[in-house]
Amino acid sequence: MAEPTHAIRLHVNGVAYDLDVPARRLLSDALRHDLELTGTHVGCEHGVCGACTVLLDGEPVRSCLTLAVSVDGQEVTTVEGLAADDGELGPVQQAFKDCHGLQCGFCTPGFLTTITAGLRDNPDPTRDEAREMIAGNLCRCTGYQNIVASVLRAAELSATAERDAFAGQTGGSRQKRHAQRERGGNDGGGTP
Amino acid sequence: MKPAPFEYVRPRTADEAVAALSEAADAKVLAGGQSLIPLLSMRLAAPATLVDLNGVEELAYVRTDDDGVRIGAMARHADVERDAAVAARQPLLRQALTLVAHPTIRNRGTAVGSIAHADPAAELPAVLAVLGGTLTCRSASGTRDITASECFVGPLESALRPDELATEIRLPALGPTSGTAIREAARRHGDYALVGVAAVVDVDGDDGAVRSARAGYFSVADTPVVLDLTDTVDEGPSWDRAAEHAMAALDPLGDIHASADYRRHLIGVLTRQALAAAHAEGRGSDG
């Protein structure tokens with residue numbers, strides 16, 4: 001007998017998806033298998049490594065410790081949602097590229113989402129705060145020095161982009177969602 | 001690593017959740033899932049039915065009044081941690097929550113779930129125990145309160161019956177002349193503690209003398225353990241005898257993470273640190 005499924009809707013990176021999933025489908029697997037958004041990586045599958053971290057209504061959560069049916073109707077941001085539509089890297093992604101914040105890249109999606117939310121809450125972290133921000137994510141090859149540097153660089157890039165965006169447009173309302181804010185800010189700063 | 005199949009129930013109210021629990025034979029309650037979902041994925045747990053509280057908005061509350069703090073079953077750790085009124089009424093909660101895993105886990109995990117899960121290495125059961133808090137639970141036959149001293153039966157075993165829903169924990173407000181502190185030793189920040197101590201010290205406002213001192217220990221036994229150390233605090237105050245008393249009174253086990261001797265050593269060190277810090281908080285809060 002086929003396993004019963006549940007109809008749910010997930011809003012992923014601004015796109016609404018209707019899907020039928022068994023209740024036991026982890027959010028990580030719903031993203032990867034059902035939606036084929038394989039940017040979210042699955043490492044340990046029990047909440048230790050942080051590779052599968054996505055933003056749920058803007059807050060970082062472990063997608064491997066979340067049932068897809070549990071978050072029916074909610075908004076998910078994955079690593080695929082961090083770059084601009086034209087493929088231009090978001091500030092955290094750009095910072096990782098600038099600072100050699102990744103080597104094999106397996107853990108990177110979880111770092112990028114975690115840091116994106118972390119910098120929204122604390123846009124100008126100290127080195128210690130940067131370390132604290134990434135303390136729940138494991139990296140087994142790059143080492144953490146370059147990732148800490150990437151956090152600080154991303155803060156710089158975001159601040160510059162915000163300044164440029166502010167100088168370029170007066171009275172523009174600030175977007176609420178961080179991913180959109182980043183995208184808007186980056187477009188403003190990076191496109192002549 | 002995937003959970004075994006289960007029947008999924010998504011109640012909208014606490015009443016519906018209680019009804020679902022009373023009807024299902026082998027049900028588990030899902031709140032934050034930060035402990036349960038790994039157990040499901042590793043198939044250490046394979047309940048027939050999962051009752052998901054994530055749609056029960058009436059249980060997503062954190063309330064404070066003169067008596068203390070009340071936390072509903074769907075309040076996330078992060079909700080409690082960020083609540084300034086909670087920090088003012090009962091500072092031990094925020095102090096403890098900063099040690100619970102990582103912010104990403106605290107965005108999802110719940111305080112009541114941590115109590116119901118009853119992990120002897122977790123911070124919040126020891127906090128409930130040392131503060132003398134209460135767990136409220138509901139079943140089809142009614143509501144009952146479980147006091148902290150009766151709440152923890154064994155490792156990962158609370159006094160909740162299978163048909164009972166843990167709906168709320170209550171933690172008393174901190175007295176005006178009291179201070180709290182928590183100290184733990186872990187291999188890495190965010191890990192479960194090798195040993196941890198949550199302390200509450202009541203201080204005489206005039207001379208700083210200790211009126212009472214209690215310590216709640218986690219990761220030292222099958223359940224949280226509370227010691228009343230009031231009579232072991234010497235003038236000064238000096239915490240030496242309290243530390244020795246705790247080392248003698250507790251009988252920690254060794255495992256792959258730490259030997260029993262090392263844990264006993266940590267009990268002494270952390271008892272001293274936690275009591276001193278709670279005493280300093282108590283003195284500070286008075287002035």
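Biologist: How many residues of domain 1 of chain A are in contact with domain 2 of chain A?

Modeller: Contact means that the C-beta atoms of two residues, placed from the backbone, lie within 7 Å. Here 17 residues of domain 1 of chain A are in contact with 14 residues of domain 2 of chain A. Domain 1 covers 6-81 and domain 2 covers 91-190, with bounds from an automatic or database domain assignment. This is a predicted model, in which local features need pLDDT of at least 70 and side-chain atom pairs count only at pLDDT 80 or more, while totals for chains, interfaces and linings use all residues. Residues are numbered from 1 along each chain as its sequence is written, and chains are lettered from A and ligands numbered from 1 in the order in which they are written.

Biologist: Which element gives the most to the domain 1 side?

Modeller: Elements are DSSP runs numbered from the N terminus, helices being H or I of at least four residues and strands E of at least two. On the side of domain 1 that touches domain 2 in chain A, β3(A) gives the most, with three residues. That side divides into seven nonpolar, nine polar and one charged. Ala, Val, Leu, Ile, Met, Phe, Trp, Tyr, Cys and Pro count as nonpolar, Asp, Glu, Lys and Arg as charged, and the others, Gly among them, as polar.

Biologist: How many residues of chain A are in contact with chain B?

Modeller: Between the chains, 22 residues of chain A are in contact with 23 residues of chain B. Strand β4 (residues 59-62) of chain A gives the most to chain A's side, with four residues. Chain A's side divides into eight nonpolar, nine polar and five charged.

Biologist: What does chain B contain in helices and strands?

Modeller: Chain B has 11 helices and 14 strands. Its C-alpha atoms fill a box of roughly 60 × 45 × 35 Å along the principal axes.

Biologist: Is B:Thr230 buried, exposed or partly exposed, and why?

Modeller: A residue is buried if 20 or more other C-beta atoms, placed from the backbone, lie within 10 Å of its own, exposed if 12 or fewer, and partly exposed in between. B:Thr230 counts as partly exposed because it has 14 C-beta neighbours inside 10 Å. By that scale, buried residues make up 52% of the 287 residues in chain B.

Biologist: Where is B:Thr230 in chain B?

Modeller: B:Thr230 is in the loop between β14 (225-228) and α10 (240-249) of chain B. Leaving aside neighbours within four places in sequence, B:Thr230 is in contact with B:Ser212 and B:Ala213.
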